[in-house]
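Here's a quick briefing for anyone opening this structure for the first time. Take a look at the picture, then read on.

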Amino acid sequence: MISLAGLLQSCGSIGETNVHGIVVTESTLSAIKPGTSQAQVLEALGTPSTQSTLDGQAWYYVSQTTSRPVAFLSPHVTDRNVLAVYFTNGRVSRVANYGLKDGVVFDSITRTTPTAGGDLNFVTQLARGMTAGIPGFGR
């Protein structure tokens, strides 16, 4: 009789991890400073995943990491980040890198949680999506 471990090993890759979207690094963040033009942001980061619908004054770059413990199982989201670039008069006014820390939306650049504002609803919706895919974080 074939053991379950032997069967799983024969199914292909075990422990697959995929990253989709822009991967934010220190060099990426250092290229986007207050005063940078929208054209320079496009050159450094590419087309945003989405923009604020009100006036296009915020661009959002979304990335997520998924893992699949066994080749034939569905992948689940293990991490999701949102790099938000805010503009005033076509120039960067602020950059925020939102993720989760202890189950709460957290900006890793300023090390603060977002307060009430124009983009909080968008970030909150993404955070709810983040917690749904992480074991141990419920809604």
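**Strands and what they pack around**

Gln51 sits across from Trp59, a residue of strand 3. This is a predicted model, where local features need pLDDT of at least 70 and side-chain atom pairs count only at pLDDT 80 or more, while totals for chains, interfaces and linings use all residues. Residues are numbered from 1 along each chain as its sequence is written, and side-chain values use heavy atoms, with hydrogens and water left out.

**The overall layout**

- The protein chain has four helices and six strands; helices (H or I, at least four residues) and strands (E, at least two) are DSSP runs, numbered from the N terminus.
- Starting at the N terminus, the order of elements is α-β-α-α-β-β-β-β-β-α.
- The protein chain has 139 residues, and 32% of them count as buried; buried means under 20% relative accessible area, exposed over 50%, and partly exposed in between (1.4 Å probe, protein chains only).
- Of the contacts in the protein chain with a separation of 6 or more, 46% are between residues 24 or more positions apart; contact means heavy atoms within 4.5 Å.

**How confident is the model?**

- The protein chain has an average pLDDT of 74, and 60% of the residues score at least 70; pLDDT is the predictor's confidence in each residue, from 0 to 100.
- Over residues 1–8 pLDDT stays under 50, and the model has four contacts beyond four places in sequence for them.

**Strand pairing**

- Strand 2 (residues 50–51) and strand 3 run antiparallel and are joined by two bridges; strands pair if DSSP finds at least two bridges between them.
- Strand 3 also pairs with strand 4 in the antiparallel sense, over 10 bridges.
- Within that pairing, Ser63 stands opposite Asn81 of strand 4.
- The link from strand 3 to strand 4 is a hairpin through five residues.

**The nonpolar cores**

- The largest nonpolar core has 12 residues, including Ile22, Leu29, Trp59, Leu83 and Val95; such a core is a set of buried Ala, Val, Leu, Ile, Met, Phe, Trp, Tyr and Cys residues joined through side-chain atoms within 4.5 Å.
- Helix 3, strand 3, strand 4 (76–88) and strand 5 (91–101) each give two or more residues to this core, and strand 4 gives the most, with three.
- Setting aside neighbours within four places in sequence, Leu83 is in contact with residues including Val24, Leu29, Leu45, Trp59 and Val95.
- Another core of seven residues lies apart from the largest one, with Tyr60, Ala84, Tyr86 and Tyr98 among them.

- Thr66 belongs to strand 3 (residues 58–70), and it counts as buried because its relative accessible area is 9%.
- Leaving out neighbours within four places in sequence, Thr66 is in contact with residues including Glu16, His20, Pro75 and Val77.
- Thr66 and Arg80 are 14 residues apart in sequence and 8.9 Å apart in space, C-alpha to C-alpha.
- Thr65 is found in strand 3 too, and it is buried because its relative accessibility is 18%.
- Beyond neighbours within four places in sequence, the contacts of Thr65 include Val19, His76 and Asp79.
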